[in-house]
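Work through the following exercises with the sequence and the model side by side, and try each task before you read its solution.

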Amino acid sequence: MKILVTGGLGFIGSHTVVELQKEGYEVIIIDNLSNSESSVLEGITAITNQKPAFHQIDLRNKAAVDQFFDSHSDIAGIIHFAASKAVGESTKEPLFYYENNLFSLINILSAMKEHGLDKFIFSSSCTVYGQADSMPITEEAPVKKALSPYGNTKQIGEEIIADLSAVYPLQSILLRYFNPIGAHESGLIGESPLGVPYNLIPYITQTAIGKREYLSVYGDDYNTADGTCVRDYIHVIDLAKAHVCALKRLLKQQNTEQTEIFNIGNGKGYSVLELIQSFERVTGIKLNYKIEKRRLGDVDQAWADNTKSQQTLDWKPTQTLDDMLASAWKWEQKNK
Ligand code: WQD
């Protein structure tokens, strides 16, 4: 069975491609290489000995998307990752985020409708909850005004899917990720953002290896135990496996609603300072960091209630925080 993975050379996308190939799916990747490199394809192939087909396409280019689908109408399902995803960056580049994330989604959905394709998995985000009123966060928590353009693109994306589903039999699963971190145990693929990392873990590992002088901790005056933000960190492999479970659910037509929503997180929250302490313990490296002012768009705390995902998707996270940090550090050392 052919599965299209957009953004398949990205951090989560590449790890999901590996898990799909391990399950016997034939994977086709579309990526515009805006935040990844074609060398990721070699990493995937080295792990699975199966080189996925790769098309370098910018999904904002509707003609290119339509041309692709004209010659690929036998795709059984689509997993849509392709989007920009840094909360902090989106507050500085709102128009780019709206254009990139929404035009790409609209073009993919239009092509699916035109070609009668209906199995769709959307890379959504816990940022749609804004600062949730209570922890842990369930799927019933209200979608609140997003605190960043990135979060808003995910909210609008979910609304676009809902509105299309009212007039087209799209069968979709929205996976609301919490904080994906870590890397494949081989050290052959991992999180390798181009340029200065916006996310915490790559910034920590790049500081530890000497690429960055110090880590800026964005604020220690939040409403949390130690004043730094609390997040639910989930291993990227556990997250990738959740996509395979969701895809199987759609392909077997086990979904009970046209659009199903699942929180994909570990169910535990760790603060930035706790992350730093864990990293220092796991690696034996003293991390150079400074407390600085808050970053626009950050919420105080967010961690998942993953009960529904565990019960319905037949999925559960297996990696510990130490596993995640050790794998991220191994990746950084192999790719310095
Ligand atoms: C985590 C914490 C920062 C960098 C991510 C993804 C987003 C979504 C949700 C999937 C925050 C602090 C960070 C730094 C810091 N996931 N921090 N210094 O903002 O929670 O969003 O998860 O859709 O796509 O980006 O993750 O890693 O940027 O920040 O102190 O140099 O670390 O303030 O509290 P975030 P993050």
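Helices (H or I, at least four residues) and strands (E, at least two) are DSSP runs, numbered from the N terminus. This is a predicted model, in which local features need pLDDT of at least 70 and side-chain atom pairs count only at pLDDT 80 or more, while totals for chains, interfaces and linings use all residues. Residues are numbered from 1 along each chain as its sequence is written, and side-chain values use heavy atoms, with hydrogens and water left out.

**Exercise 1.** Find the element in which K119 lies, and decide whether K119 is buried or exposed.

Solution. Begin with the element: K119 belongs to strand 5, which covers residues 119–125. For the second part, recall that buried means under 20% relative accessible area, exposed over 50%, and partly exposed in between, with a 1.4 Å probe and protein chains only. K119 has a relative accessible area of 10%, and therefore it counts as buried.

Next, look at what K119 touches, where contact means heavy atoms within 4.5 Å. Leaving aside residues up to four places away in sequence, the partners of K119 include A76, G77, I78, M112 and Q253. The side chains of K119 and D118 are also joined by a polar contact of 3.1 Å. A polar contact is a pair of N or O atoms within 3.5 Å; within protein, one must be able to donate a hydrogen and the other to accept it, and residues adjacent in sequence count only if both atoms are side-chain atoms.

**Exercise 2.** Describe the surroundings of the ligand: how many residues surround it, and which element gives the largest share of the shell?

Solution. A residue is near a molecule if one of its heavy atoms lies within 4 Å of it. The ligand is surrounded by 23 residues, and the closest are Y150, L200, S216, R295 and D298. Strand 8 provides the largest share of this shell, namely four residues.

Finally, examine distances to oxygen atoms of the ligand. A backbone N or O atom of K85 lies 2.9 Å from such an oxygen atom, a polar side-chain atom of N199 lies 2.8 Å from one, and for a polar side-chain atom of D298 the distance is 2.7 Å.

**Exercise 3.** Locate the cis peptide bond at P136, and then examine the phi angles of Q253 and D314.

Solution. The peptide bond from M135 to P136 is cis, with omega near -5°, and P136 sits in the loop between strand 5 and helix 6 (149–165). Q253 is not a glycine, yet has a positive phi of about 55°; Q253 is placed in the loop between helix 8 (236–251) and strand 11 (259–264). With a relative accessible area of 61%, Q253 is exposed. D314, likewise not a glycine, has a positive phi of about 55° and is found in the loop between helix 10 (307–312) and helix 11 (321–334). D314 is exposed, with a relative accessible area of 68%.
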